[in-house]
Amino acid sequence: MNKASALIAVIALFFAGLVWANTAVVTAASGTASVQTGNGPARTLRVGDQVRQGDTLFTARASSVVLKFDDGQIAALTANSRMTITAYRYEPSSGSGSVLLSLVTGGMRAITGLIGRRSPENVAYRAATATIGIRGTDVTIATDGGNVVVTVTEGAVSFTFNGRTIEIQAGEGVNARLDGTFQRGAADEILARISPELASAIGGIRGLDNAIRDAATLTSAGDGRANLTPSGPTNGVSSGGGGTTASGS
Amino acid sequence: MRPTELRGRRWLLAAPILALLFGSSFLAARNLLADPPLLRAAGALAAWNAAPGRPPLAAWSEVHAALLRSAERLPSNPITHELLGLVSLSRADDARHMRESVGHFQAALRLRPHSAHTWAALAQAQYLLGDTGAAFELALVRAAKLGPAEPGVQRVAADYGLATWQHLSAEARAAVERLIAAGVRRDPAEMLQIAHRRGRLGVACRHLRGASRPLDSKVSQLCQGTEALR
């Protein structure tokens with residue numbers, strides 16, 4: 001009967017393992033958001049769902065989703081966006097890991113967690129053909145038809161596009177165009193010149209400030225579960241500040 | 001004849017039948033469970049569950065194929081179908097295997113319709129396939145009704161029940177809530193954690209008064225703002 005007990009224990013263990021490690025949890029979702037794993041069917045994304053490396057998230061018109069990863073990293077997607085969690089690995093005991101989020105289209109605000117604070121070189125975002133390496137905590141990215149806009153609220157990012165890498169500091173932004181040219185400057189100036197599609201994506205991100213703040217106040221237990229301990233906002237998230245509202249250069 | 005004597009005679013008749021039943025069940029269980037692929041699959045599932053990421057394809061394919069052979073050899077063993085369902089479910093990145101898992105759980109349930117764990121697993125597979133219609137709700141309700149005291153069933157039904165709460169029928173909500181109440185009595189922190197993640201704290205918090213364990217201050221703090229403790 002030991003074998004029967006072992007089998008039953010394993011089946012029970014499977015259910016116990018409902019909350020997987022190395023995941024992000026959906027802390028807010030509005031409208032129609034969905035997730036696709038590999039070639040699996042897309043399914044509706046609901047608050048509390050977990051997403052993992054390899055998953056692609058979609059948001060429809062007038063929709064948004066906010067994710068909190070195990071290390072505290074936050075990613076908020078605005079309407080008409082598509083983002084793939086290309087890589088996510090987190091080792092809670094050492095606080096190490098790596099993050100690579102690929103924004104295919106739409107807008108995303110990303111606030112780094114423990115991995116980004118300890119090993120910023122292990123965190124990167126991709127948008128169209130641009131790669132954004134982080135040196136700070138809070139960045140907003142929008143992409144549409146190969147054009148990419150990035151603004152930095154806190155810290156700095158290295159922006160690689162068309163074979164060139166530039167550093168963008170807090171309060172600054174960059175607008176990279178499909179023809180390979182880009183313009184760098186104060187975030188407000190950059191945002192004043194972008195296409196309506198990109199402006200819409202950035203505007204949508206601004207509307208997610210409250211949901212992002214709520215996500216930040218949930219501390220991660222490091223095993224995919226939201227910790228029950230209430231805590232204050234993490235770095236880079238303030239009640240009034242959106243990822244694109246920084247001024248000055 | 002005295003009632004005690006009558007009872008004694010009944011036992012004399014029933015004892016050999018019961019012994020025969022237990023004996024044959026035991027032998028059947030021993031034979032079935034002696035099937036090495038089942039034990040290997042169970043061990044592999046445990047290992048995959050503990051490790052981050054998805055199971056390695058080569059190892060997964062080996063276990064999957066061995067279980068399919070077992071199912072072919074002995075199609076009446078519900079455990080084989082259940083394990084096949086769980087193994088298929090572990091490859092959520094492949095639509096074909098995800099759909100397969102539903103079929104295996106349904107096959108297991110045809111053989112053992114009173115398994116709350118299998119109904120819960122079926123509900124989970126359907127949710128992950130994006131099918132949260134009538135079949136999902138039926139699986140959820142059956143799981144909740146058959147295994148109200150099973151911790152694993154409580155977790156699954158609470159998780160997916162709260163995820164789809166606003167779309168559930170009144171009957172399904174009642175069944176899920178009874179199970180959440182039982183879960184709160186067993187382990188309030190765990191059930192609140194699930195409800196918190198699903199943004200439905202109120203449903204769990206209103207059952208906190210029935211909790212058997214002393215309440216952690218963090219737990220009660222979490223419910224402070226909800227209607228239940230006002």
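In this predicted model, Val150(A) stands opposite Val174(A), a residue of strand E16(A). The strand facing E16(A) here is E13 of chain A (residues 147–154), and the two run antiparallel and are joined by 4 bridges, where strands (E, at least two residues) and helices (H or I, at least four) are DSSP runs numbered from the N terminus, and two strands pair if DSSP finds at least two bridges between them.

E16(A), which covers residues 172–176, is mostly covered, with 5 of its 5 residues buried; a residue is buried if 20 or more other C-beta atoms lie within 10 Å of its own, exposed if 12 or fewer, and partly exposed in between, with C-beta atoms placed from the backbone. In a regular strand the side chains alternate between the two faces of the sheet. Glu172(A), Val174(A) and Ala176(A) point one way from E16(A), whereas Gly173(A) and Asn175(A) point the other way.

Strand E7(A), residues 74–77, can be described in like manner: Ile74(A) and Ala76(A) point one way, Ala75(A) and Leu77(A) the other, and all are buried. E7(A) also runs antiparallel to E9(A), residues 96–111, through 4 bridges, and Ala76(A) stands opposite Arg109(A) in E9(A).

| Hairpin | Residues between strands | Turn residue and phi |
|---|---|---|
| E16(A) and E17(A) | 5 residues | Gly180(A), positive, near 95° |
| E6(A) and E7(A) | 4 residues | Gly72(A), positive, about 100° |

Residues are numbered from 1 along each chain as its sequence is written, while chains are lettered from A and ligands numbered from 1 in the order in which they are written. Local features need pLDDT of at least 70, side-chain atom pairs count only at pLDDT 80 or more, and totals for chains, interfaces and linings use all residues.
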